[in-house]
Amino acid sequence: MTQPDAATARNFDAARFRDLYRQMWRIRAFEEQALRGAKEGLVLGAIHPSIGQEAVAVGVCGRLNRDDILLSTHRGHGHTLIKGAAPEAMMRELFGRDGGNCGGKGGSMHIADAGVGMLGANGVVAANIPIAVGAAHAIRLRKESRIVCCIFGDGAINRGPFLEGLNWAKVFDLPVLFVCEDNRFAATTRTAAMTAGEGAAARAEALGIPADSVDGNDLVAVDELVDETLQEVRAGGGPRLIVARTYRLTGHTGADPATYRPESEVATAWEDDPIVRLAATLEAAGVSQDDCAALARQAQEEMAGVFERASAAPWPPVGHAYTDVQDTGSPEERPW
Amino acid sequence: MVKTSYLEASRQALAEEMRRDDTVWALGEDLGRGGVFGQYKGLVDEFGPERISDAPISEACIAGAAVGAAMMGTRPVVEMRFSDFALCATDEIVNQAAKARFMFGGQLGVPLVMRQPTGAWRSSAAQHSQSLEAWYAHIPGLVVTAPATVADAKALLKAAIRCDDPVIHLEHKDLWAFEEEIPAGIDAAPLGAARIAREGEDVTIVTWSKMVHTALEAANALTDKGISAEIIDLRTLWPWDREAVYASVRKTGRAIVAHEAVLVGGFGGEIAARIGEDLYDQLKAPVRRLGAPRIPVSYAPPLEREYHVPAERIAEAAQALAARG
Ligand SMILES: Cc1ncc(C[n+]2csc(CCOP(=O)(O)OP(=O)(O)O)c2C)c(N)n1
Ligand SMILES: [Mg+2]
């Protein structure tokens, strides 16, 4: 599917989308390097690639201000990168190295970058939702004007914290944008098979939270909807929810061959690659294919350099296993 | 000195800290009406409903929201109503609050206090009576406080609110009405410092929370038998004051660890094992542990009583130890 029509959309601006195209490629290239790192034994724990979902990360996080707060998920490389985290620090974190965002203590699933308002990926599905509404609650108490964006997967809506968190956001009328990144799978299960009713938007609306759905592989559409919705949230309109429909092109983790779905389904989904779709839009707007290819190469070169530098980084000092545990009391000592 | 209840002392602690620091706020169910035990009575009038905030019956979200709000530079005081309900927020306490600072490499602190009314009280039965402090002490990242006295109900809550780590603050329900004379102007207690509740020479009783009072009763009975018991009120279970415990056990050469919680896997086991490992050659007798049988708390008073270690058992254990060495 292509979308040359998107070039006539209200929010379309060729120069800006040219850069957003590069941002999608930065995510893609970062994750390709991360997968290579997993294959080469440099990425140590599980990673959850978002290949095929880049338009959600760029469309949502590209519209956040630096001081806005972001809560992400285990599949959060793209969100984190677009919020402004440095890719080399992220790659070092995935490699468990010194100089990672979390000093190598968190890894891919537990990455945060407080400096850019990214309060954490989360290894526990849906656990970021209550944290997000609490961050928004604090923003309200402190009379600040920034907002909170909380991204979660389609599987997360079946956990209790989804209900508790959305109810909370509505009851206290908090400035939160919830984004359900619906990639149709929760690990190896088709989410629809385990979800009653009409899904995240219907559940939000049942609580009085306005909800919209969007083709999550159409960056122009995501960007436009997020822009409009954030204006409402920033204006004090209370919480909003967006469902961005997309597809996970890789396995659940770097190691998952995803044999639970037919290859034809995946092949069809590749035709809907958000990067290819935006390239078509850009072309219709006069951006040449060569120009697009150069942007892709630029991102790939950036991330290849990131890979090299991260793989040369030292391990964290062993003593760091004992730091940042807690202030109170004597530092813990090795008991063995 | 002013006669004050444990409950009133805790109310004063929160009010004083909220006056001192406008980033402190409280959230929980029914706080606007004073809280289920009245420990928040009148606070909404002074501080308003934003800082004494009601919450939906969403324990996971109450705790999780406190984590997010703490990361954003406020100091939330979370009310869990009964410690048993905090189990609905186990992920938020154990995986989120306790771990965020470490796993994010020290970028984000979580200075929250979770008040958990704990312990058996007036036929509250199995789901409203538990003492689960050992679970929290087991989790790296958490501080655990358990006041036994009126002064500490105030001083430890103030300390918990000022602490930069997440604190599980266990307030014993059967002590709410307990009254003592306390000085005006009690300040925050140091966390991790035990208190000698009673000096003695022959046997050390290490304990906390309501069991301190049972131990004091036992110690009084022991005086008649010519045995002098020293009682250490730990006050903070993590970090616990090893120096104070060791100093006492070095002096007496005998130790009992007593708590209300189920004996099996209770925090007394940790203390007893440490004493055994580190002070083996100074002990005149093996360390004794006393705690509840491994049964849920009953409703009917004669059955409920089975859960409690009576003062006489502590006294008997002390006598048996004193007879050795
Ligand atoms: C509470 C909890 N249960 C189970 C898991 C294991 N798990 C990790 S990711 C995942 C699937 C989540 O699906 P979804 O929310 O749709 O996110 P996606 O992986 O598709 O991005 C599961 C079950 C977990 N991390 N946390
Ligand atoms: Mg999913």
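1. Chain B of this predicted model contains 12 helices and 14 strands. Its radius of gyration is 19 Å, close to the 20 Å that the globule rule gives for 325 residues, so chain B is as compact as a globular protein of that length. The C-alpha trace of chain B extends over about 60 × 40 × 40 Å along its principal axes.

2. Burial and contact range in chain B may be read together. Of its 325 residues, 61% are buried. When contacts between residues at least 6 apart in sequence are considered, 82% of those in chain B join residues at least 24 apart.

3. Chain A has 11 helices and 7 strands. For its 336 residues a compact globule would have a radius of gyration near 20 Å, and the value for chain A, 20 Å, agrees with this. The C-alpha trace of chain A spans about 65 × 50 × 40 Å along the principal axes.

4. The corresponding figures for chain A are as follows. Buried residues account for 57% of the 336 residues in chain A. Among contacts in chain A between residues at least 6 apart in sequence, 76% link residues at least 24 apart.

5. One helix pair joins the two chains. Helix α6 of chain A (residues 160-171) packs with helix α3 of chain B (residues 59-71) at an angle of about 65°, and their axes are 9 Å apart. Angles of 65 to 115 degrees count as roughly perpendicular, and α6(A) and α3(B) are therefore described as roughly perpendicular to each other. The crossing of these two helices, α6(A) and α3(B), is right-handed.

6. Which residues make the contact of α6(A) and α3(B)? From α6(A) the contact involves E164(A), G165(A) and W168(A), and from α3(B) it involves E59(B), A60(B), C61(B), I62(B) and A65(B). By class, the residues of the contact of α6(A) with α3(B) comprise 5 nonpolar, 1 polar and 2 charged.

7. A further helix pair lies within chain B. Helix α1 of chain B (residues 6-20) and helix α2 of chain B (residues 43-51) pack at about 60°, with an axis separation of 11 Å. The crossing of α1(B) and α2(B) is left-handed. On the side of α1(B), the residues concerned are R11(B), L14(B), A15(B), M18(B) and R19(B); these meet L43(B), E46(B), F47(B) and R51(B) of α2(B). The residues of this contact of α1(B) with α2(B) divide into 5 nonpolar and 4 charged, with no polar residue.

8. Is I27(A) buried or exposed? The relative accessible area of I27(A) is 0%, and the residue is buried because the cut-off for burial is under 20%.

9. The surroundings of I27(A) can be listed residue by residue. With neighbours within four places in sequence left aside, I27(A) is in contact with S50(A), E54(A), A57(A), V58(A), G78(A), L81(A) and I82(A). A86(A) is 59 residues from I27(A) in sequence, and the two are 12 Å apart in space, C-alpha to C-alpha.

10. Helix α4 of chain B (residues 90-97) is mostly covered, with 6 of its 8 residues buried. Which residues of α4(B) are buried? They are D91(B), E92(B), I93(B), V94(B), Q96(B) and A97(B).

11. Chain B contains a cis peptide bond, which joins W238(B) and P239(B) with omega at about -5°. P239(B) is located in the loop between β12 (236-238) and α9 (242-252) of chain B.

12. Although R81(B) is not a glycine, its phi is positive, at about 75°. R81(B) lies in the loop between β4 (75-79) and α4 of chain B.

13. S209(B) is likewise not a glycine, and its phi is positive, at about 55°. The position of S209(B) is in the loop between β10 (203-207) and α8 (211-224) of chain B. Why does S209(B) count as buried? Its relative accessible area is 8%, and buried means under 20%, so S209(B) is placed in that class.

Notes
Residues are numbered from 1 along each chain as its sequence is written. Chains are lettered from A and ligands numbered from 1 in the order in which they are written. This is a predicted model: local features need pLDDT of at least 70, side-chain atom pairs count only at pLDDT 80 or more; totals for chains, interfaces and linings use all residues. Side-chain values use heavy atoms; hydrogens and water are left out. Axes are lines fitted to C-alpha atoms, for helices over the stretch in contact, and angles run from 0 to 180 degrees between N-to-C directions. Helices (H or I, at least four residues) and strands (E, at least two) are DSSP runs, numbered from the N terminus. Angles under 35 degrees count as roughly parallel, over 145 as roughly antiparallel, 65 to 115 as roughly perpendicular and the rest as oblique. A crossing is left-handed if the near helix is turned anticlockwise from the far one by less than a right angle, and right-handed if clockwise. Contact means heavy atoms within 4.5 Å. Ala, Val, Leu, Ile, Met, Phe, Trp, Tyr, Cys and Pro count as nonpolar, Asp, Glu, Lys and Arg as charged, and the others, Gly among them, as polar. The radius of gyration is taken over C-alpha atoms; the globule rule is 2.2 Å times the number of residues to the power 0.38. Buried means under 20% relative accessible area, exposed over 50%, partly exposed in between (1.4 Å probe, protein chains only).
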